[in-house]
Amino acid sequence: MNHWETHLYGFAVALTQGAKIKPENLQRMRDKALSHGHTEAECLFVEQNAQLYIAKGILDHKTGRENVAVTAQFFYDCPAHVSFEEQSDLIHNDLVRLLDADSTTGVACCGATVQSINGQTRLSEKSRTHMVCAMCGSTNVRADAYAEWDADAGQWVLHSTYDEKRCENCEISTSLIEVDEATQIEIQAFGMVNIDDGSRLAEDSETPDFFDVMVTTTPFDSGVILTLEEHENMTAKESEQTLAAMVATYPTAAISIVNCDLGAA
């Protein structure tokens, strides 16, 4: 099996997508990597060398060097009228000036993040949940609801929901299952090879003929696994784009890259 640590890999993929990934989702993925045993130094390295890590799984390309995470306290004079998030961004932009500074001491700043201001955490980990069809796993579901007019907003707003639920994929009434994104959803990318009677997973020594990307639930107590999304028969480039889109949609989900080195393809 040829894949790197899944949570750090997902963070690296997200870093390469620029504005396609919301900052709060990027931070959630970073926090997820940290909560699953990765270090601040590893996250900082990936932030500066995302493509290197995606392609090779390397966390240090300088022999005899290492990234060290430093906890320090700074005091900043900030505009009082801007939001907490805006203050964080301003401080971060000022800190990264160190990245361009020439070191004369044998060490160099290779990354910086703002995690808290006056004890207030920049982004708290919020649970993300999805409602899926109990029959097919689709998230394209609807609930019968009652709305009321909001004169201030100038639009109809949700008042309450009822028991009737519908899956637009199955086109019938259904029951829904609530799944936690971080613990019950997994994004998977597979390298596949063609054989006489169909296709199979590529082995370590084989070059994939095509790629599949799936989003599934982890097994329920019954052993059932539901498929939320499935994208098949793609080129390497198409699968990279699809993987990035899935990471943006499910930013805290685990990621498995099975027998395919998408970053190097």
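**Surface and core**

Tutor: The protein exposes about 15,800 Å², and carbon and sulfur atoms supply 48% of that area. Keep in mind that this is a predicted model.

Student: What share of the residues counts as buried?

Tutor: Of the 265 residues of the protein, 34% count as buried.

Student: And how many helices and strands are there?

Tutor: There are 7 helices and 12 strands.

Student: Which residues touch the most other members in the largest nonpolar core?

Tutor: Ile-187 and Tyr-250 do, in a core of 33 residues. Helix 1, residues 6-15, gives the most to this core, with 6 residues.

Student: Changing topic: where does Phe-74 lie?

Tutor: Phe-74 is in the loop between helix 4 (50-56) and helix 5 (84-95).

Student: Buried or exposed?

Tutor: Phe-74 has a relative accessible area of 54%, so it counts as exposed, the cut-off being over 50%.

Student: How far apart are Phe-74 and Ile-91?

Tutor: They are 17 residues apart in sequence, and their C-alpha atoms are 9.8 Å apart in space.

Student: Last one, on contacts with a separation of 6 or more: what percentage comes from residues 24 or more positions apart?

Tutor: Those residues account for 60% of such contacts in the protein.

Key. Residues numbered from 1 in each chain as written. Predicted model: local features only at pLDDT ≥ 70, side-chain atom pairs only at ≥ 80, totals over all residues. Heavy atoms only, no water. Core = buried A, V, L, I, M, F, W, Y, C linked by side-chain atoms within 4.5 Å. Buried < 20%, exposed > 50% of the residue type's maximum accessible area, 1.4 Å probe, protein only. Helix = DSSP H or I, 4+ residues; strand = E, 2+ residues; numbered from the N terminus. Contact = heavy atoms within 4.5 Å. Areas by Shrake-Rupley, 256 points an atom, 1.4 Å probe, with all protein chains shown as cover.
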